[in-house]
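Hi,

Here is the structure I said I would pass on. Have a look at it first, and then read my notes below.

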Amino acid sequence: MKGASVLPASHEHQTPSAQFRTRRLRRKTLVCSILVALAAVLLYTDITFGTVIYSFNDLLRVVSGEQIPGISFALGELRIPRSLTALACGAAFGIAGSCFQHLLRNPLASPDIIGITSGANAAAVFGIVVLGASGLELSAISVAGGLLTTAVIAAFTWKRGLSLGRLILVGIAFGAMLDAASSWILVHADQWDIQSASRWLTGSLADTQWSDVLLSGIALSIGCIAIAPLSKRLDMLRLGDEIAASLGVRVGASQIAIICVSVTMLSIATSAVGPIAFVSFLSGPIARRISGYGSSALAESTLVGACLVLGSDIIAQHLLTEQMPVGVVTSVIGGPVLVLLMYISTRKGHLE
């Protein structure tokens, strides 16, 4: 009709592929918003709830730098560093685990399973028992152990490219050997060293300090800054090496870059709190399940990891008859949840 204004195409006039992308973006936005809100609630609860419950006003006064007898120490030196470390390390574990699962196209390809975490653990046990290391020195040893283990595993599996199936098998074998080495060191250690190493190996947020907040913040920053530009390549690599190469992806270089970034991030986070079990393993599958299959869900995995560690820390501190290391709670929760996710995925015909 002459003179009629031209209206933009409505949702009904979009092509099916455009409608699908719109629905997926809306779902992703909704899921991320809910997870951010949940993480904020868990962070606030973890900081203020306990034997003494502090108010929001108390928290604001301490954060603003006001010195309040008793409260400043409890919040500023004990609770806030612990909770921020839990948030950052959980997020780093989540994104690192999801990257490995997408890259290797296998939900069992968590760093916990393919030996990388075992390398960081063995190096830390050696540092505690043999070298008497602690603090930043122990963190450096743990990071070096994780990176060295990754290099050795990659060297055994590289054949004109990264053999994904061989990487998983070799990683499991190396993980078993490194776990055995850790056990052998502990058997010959002094009682005090055994207690320190065992607490670290369980995954604990006890005695966290602001230096641990710094370490975990570095780990998370590496993930957010370095993984973001690699996420498109990761999405293409999920389709297979040949398809990714046909789309212009340098497969070998991209695989190495993603692995190096993920291992560095994981090792730094592990050096701060120890290997908190199942967080890297579960974050990706949970994120993909709630955000819908077909997307990498890296942002969702990051937030799920943070929520898992914060929620487990609240349970470990306050909802049990006695305080437990957070790694004990994630292990107890993680096993049944993993079985349930795999059962549901198998029934629906896609194990992701």
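What follows is a short tour of what turned up. One thing to keep in mind throughout is that this is a predicted model.

Let's start with the largest pocket. Its volume comes out at about 610 Å³. The lining is made up of 25 residues, and the ones nearest the centre are S134, G135, L138, W200 and D207. Which helices supply at least two residues each to that lining? They are α5 (135–157), α7 (191–202), α8 (210–227) and α11 (251–273). The biggest giver is α7, with 5 residues. If you sort the lining by class, you get 10 nonpolar, 11 polar and 4 charged residues.

You'll find D207 in the loop between α7 and α8. D207 has a positive phi of about 65°, and it is not a glycine. Is D207 buried or exposed? Its relative accessibility is 64%, and exposed means over 50%, so D207 counts as exposed.

F278 also has a positive phi without being a glycine, in this case about 75°. F278 sits in the loop between α11 and α12 (279–291). With a relative accessibility of 22%, F278 counts as partly exposed, because that class runs between the 20% and 50% cut-offs.

Next, S98, which belongs to helix α3 (residues 71–103). This serine has 0% relative accessibility, so it counts as buried. What does S98 touch, once its neighbours within four places in sequence are set aside? Its contacts are G284, R288, S296, L298 and S301.

The axes of α2 (residues 56–63) and α3 come within 10 Å, and they cross at roughly 80°. Angles of 65 to 115 degrees count as roughly perpendicular, so that is how α2 stands to α3. On the α2 side, the contact is made by D58, L59, V62 and V63, while α3 brings I71, S72, L75, G76 and I80. By class, the residues of this contact divide into 6 nonpolar, 2 polar and 1 charged.

Cheers

Note on methods: Residues are numbered from 1 along each chain as its sequence is written. This is a predicted model: local features need pLDDT of at least 70, side-chain atom pairs count only at pLDDT 80 or more; totals for chains, interfaces and linings use all residues. Side-chain values use heavy atoms; hydrogens and water are left out. On a 1 Å grid over the protein atoms alone, a cavity is a set of points where a 1.4 Å probe fits but cannot get out, and a pocket is an open set with protein on both sides within 12 Å along at least five of seven lines; lining residues have an atom within 4 Å of a point. Grid points are joined across faces, edges and corners, and a volume is the space filled by probe spheres set on the points. Helices (H or I, at least four residues) and strands (E, at least two) are DSSP runs, numbered from the N terminus. Ala, Val, Leu, Ile, Met, Phe, Trp, Tyr, Cys and Pro count as nonpolar, Asp, Glu, Lys and Arg as charged, and the others, Gly among them, as polar. Buried means under 20% relative accessible area, exposed over 50%, partly exposed in between (1.4 Å probe, protein chains only). Contact means heavy atoms within 4.5 Å. Axes are lines fitted to C-alpha atoms, for helices over the stretch in contact, and angles run from 0 to 180 degrees between N-to-C directions. Angles under 35 degrees count as roughly parallel, over 145 as roughly antiparallel, 65 to 115 as roughly perpendicular and the rest as oblique.
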